[in-house]
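The following exercises treat one protein chain, each with a task and a worked solution. Please consult the sequence and the structure before reading the solutions.

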Amino acid sequence: LEYAIPWSLLNCADNPPKPGETLPALWMVHWSDTEGRLARGLLVDVVNQQTGRKEKMPPQVYFQDGPSWGKAVYLPRAE
């Protein structure tokens with residue numbers, strides 16, 4: 001996965017990750033009804049397959065369990 005999200009949107013513009021840093025990451029996408037009130041689907045990706053814990057928890061609570069997160073590797077900005 002590759003994204004270009006402004007650091008200001010993530011509230012870390014003053015201290016963004018440096019090229020080469022690896023930080024925990026998890027990607028969760030929620031689908032809802034047209035009013036945004038009822039969940040219709042959930043996708044969880046970028047997970048740590050080595051923990052052995054994910055079989056014991058439903059995907060909607062992965063965000064609460066840091067060891068089940070995967071890794072984001074920050075690359076230098078492409079020119």
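**Exercise 1. Determine which element supplies the largest share of the lining of the largest pocket, and describe that lining.**

Solution. Step 1: β4 contributes the largest share of the lining, three residues. Strands here are DSSP runs of E with at least two residues, and helices are runs of H or I with at least four, numbered from the N terminus. A pocket is an open set of points on a 1 Å grid over the protein atoms alone, where a 1.4 Å probe fits, with protein on both sides within 12 Å along at least five of seven lines; lining residues have an atom within 4 Å of a point.

Step 1: β1 and β4 each supply at least two lining residues. The lining comprises 24 residues, of which Y3, A4, W7, V73 and Y74 lie nearest the centre of the pocket.

Step 2: By class, the lining holds 20 nonpolar, no polar and four charged residues. Ala, Val, Leu, Ile, Met, Phe, Trp, Tyr, Cys and Pro count as nonpolar, Asp, Glu, Lys and Arg as charged, and the others, Gly among them, as polar.

Step 3: The space in the largest pocket is about 1200 Å³, a volume being the space filled by probe spheres set on grid points joined across faces, edges and corners.

The model is predicted: local features need pLDDT of at least 70, side-chain atom pairs count only at pLDDT 80 or more, and totals for chains, interfaces and linings use all residues. Residues are numbered from 1 along each chain as its sequence is written, and side-chain values use heavy atoms, with hydrogens and water left out.

**Exercise 2. Find the aromatic pair in the whole structure and state which parts of the chain the pair ties together.**

Solution. Rings of Phe, Tyr and Trp (its six-membered ring) pair if their centres lie within 6.5 Å; planes under 30 degrees apart are stacked, over 60 edge-to-face and the rest tilted.

Step 1: W7 lies in the segment before β1 (22-25) and Y74 in the segment after β4 (70-73), so the pair ties together parts that are 67 residues apart in sequence.

Step 2: W7 is partly exposed at 29% relative accessible area, and Y74 is partly exposed at 22%. Buried means under 20%, exposed over 50%, and partly exposed in between (1.4 Å probe, protein chains only).

**Exercise 3. Describe how β2 and β3 are joined.**

Solution. Step 1: The chain has zero helices and four strands.

Step 1: β2 (residues 27-32) and β3 (residues 39-45) run antiparallel and are joined by six bridges; two strands pair if DSSP finds at least two bridges between them.

Step 2: V29 stands opposite L43 in β3, and S32 has A39 as its bridge partner.

Step 3: The two strands form a hairpin with six residues between them, and G36 in the turn has a positive phi of about 75°.
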